[in-house]
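Hi,

Here is the structure I said I would pass on. Have a look at it first, and then read on for what turned up when I went through it.

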Amino acid sequence: MLAARAVYRLVPRLPREETYGMRSQITRAVVSIPANIAEGWTRESDREKMQFLAIAQGSLAETETLLTLCEQIGWFPEEETQILRGLLDETSRILTTLRRKHRR
C-alpha cells in the first residue's frame, strides 16, 4: 500500500498526454500488487494463494520496469524514487518468502 501511495504522489509529474498511457499503466500495476495479495489471502487453497501471490510479484516487476523507464526518460528524478524502490524491494522480498513458504 505504501508503494501504491508513493506512485500516486509521483504520477502528477508525468506529461499530460501520458494520462491514458504511462500514468494509467503504472498506477494499475502498482495497485495490482496489494489487491492480488489481499485477494489471494482470502482463498482457501494454497494453490490459489500461490497464484495470486505470483500475479502480485509480476505486477511488482511491471511497476519496477515502468518506474525505470520513467527515470530514464527524465520524468521521475531518481532521488525522488529511491524510497519507492526500497518499498518495492521490501515487498518483493516478502512475496518471495511467502511463496517459498507455501511451496513447502
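This is a predicted model: local features need pLDDT of at least 70, side-chain atom pairs count only at pLDDT 80 or more; totals for chains, interfaces and linings use all residues.

Which residues does Leu-95 touch, not counting residues up to four places away in sequence? Keep this one in mind while you turn the model around; I'll come back to it once the overall layout is clear.

**Overall layout**

The protein chain has four helices and zero strands, so the pattern along the sequence is simply α-α-α-α. Its C-alpha atoms fill a box of roughly 45 × 25 × 20 Å along the principal axes. Of the 104 residues in the chain, 38% are buried. The accessible surface comes to about 6,600 Å², and carbon and sulfur atoms hold 51% of that. If you look at contacts with a separation of 6 or more, 66% of them are between residues 24 or more positions apart.

**Back to Leu-95**

Leu-95 is found in helix H4. The answer to the opening question is Ile-37, Leu-53, Ala-56, Gln-57 and Leu-60, again leaving out residues up to four places away in sequence. Leu-95 counts as buried because its relative accessible area is 1%, and the cut-off for buried is under 20%.

Is Ser-92 buried or exposed? It counts as buried, because its relative accessibility is 18% and the limit is 20%. Leaving aside its neighbours within four places in sequence, Ser-92 is in contact with Gln-57 and Leu-60. Both of those residues are also on the list for Leu-95.

**The core**

The largest nonpolar core has 23 residues, and those with the most contacts inside it are Phe-76, Leu-84 and Leu-88. Helices H1 (2-10), H2 (22-41), H3 (46-73) and H4 (78-103) each give two or more residues to this core. H3 provides the largest share, six residues. As background, nonpolar side chains tend to be buried together in soluble globular proteins.

Not counting residues up to four places away in sequence, Phe-76 touches Leu-10, Val-11, Arg-13, Leu-14, Ile-26, Leu-67, Cys-70, Glu-71 and Thr-81. That list has charged members, Arg-13 and Glu-71, among them.

**The pocket**

This may be the part you want to open up yourself. About 260 Å³ of space lies in the largest pocket. Its lining has 14 residues, and Met-1, Ile-33, Ile-37, Leu-87 and Thr-91 lie nearest the centre. One of these, Ile-37, is also touched by Leu-95. H1, H2 and H4 each supply at least two residues of the lining, with the largest share, six residues, coming from H4.

**Two glutamates**

Where is Glu-44? Look in the loop between H2 and H3. Glu-44 is exposed because its relative accessible area is 77%, and the cut-off for exposed is over 50%. Its C-alpha atom is separated by 36 Å from that of Thr-81, 37 residues apart from it along the chain.

Glu-39 is found in helix H2. With a relative accessibility of 34%, Glu-39 counts as partly exposed. Glu-39 and Leu-53 are 14 residues apart in sequence and 9.1 Å apart in space, C-alpha to C-alpha. Leu-53 is one of the residues that Leu-95 touches, which takes us back to the opening question.

Cheers

Definitions and conventions:
Residues are numbered from 1 along each chain as its sequence is written. Side-chain values use heavy atoms; hydrogens and water are left out. A nonpolar core is a set of buried Ala, Val, Leu, Ile, Met, Phe, Trp, Tyr and Cys residues joined through side-chain atoms within 4.5 Å. Buried means under 20% relative accessible area, exposed over 50%, partly exposed in between (1.4 Å probe, protein chains only). Contact means heavy atoms within 4.5 Å. On a 1 Å grid over the protein atoms alone, a cavity is a set of points where a 1.4 Å probe fits but cannot get out, and a pocket is an open set with protein on both sides within 12 Å along at least five of seven lines; lining residues have an atom within 4 Å of a point. Grid points are joined across faces, edges and corners, and a volume is the space filled by probe spheres set on the points. Accessible areas come from the Shrake-Rupley method with a 1.4 Å probe; for residues, only the protein chains shown count as cover.
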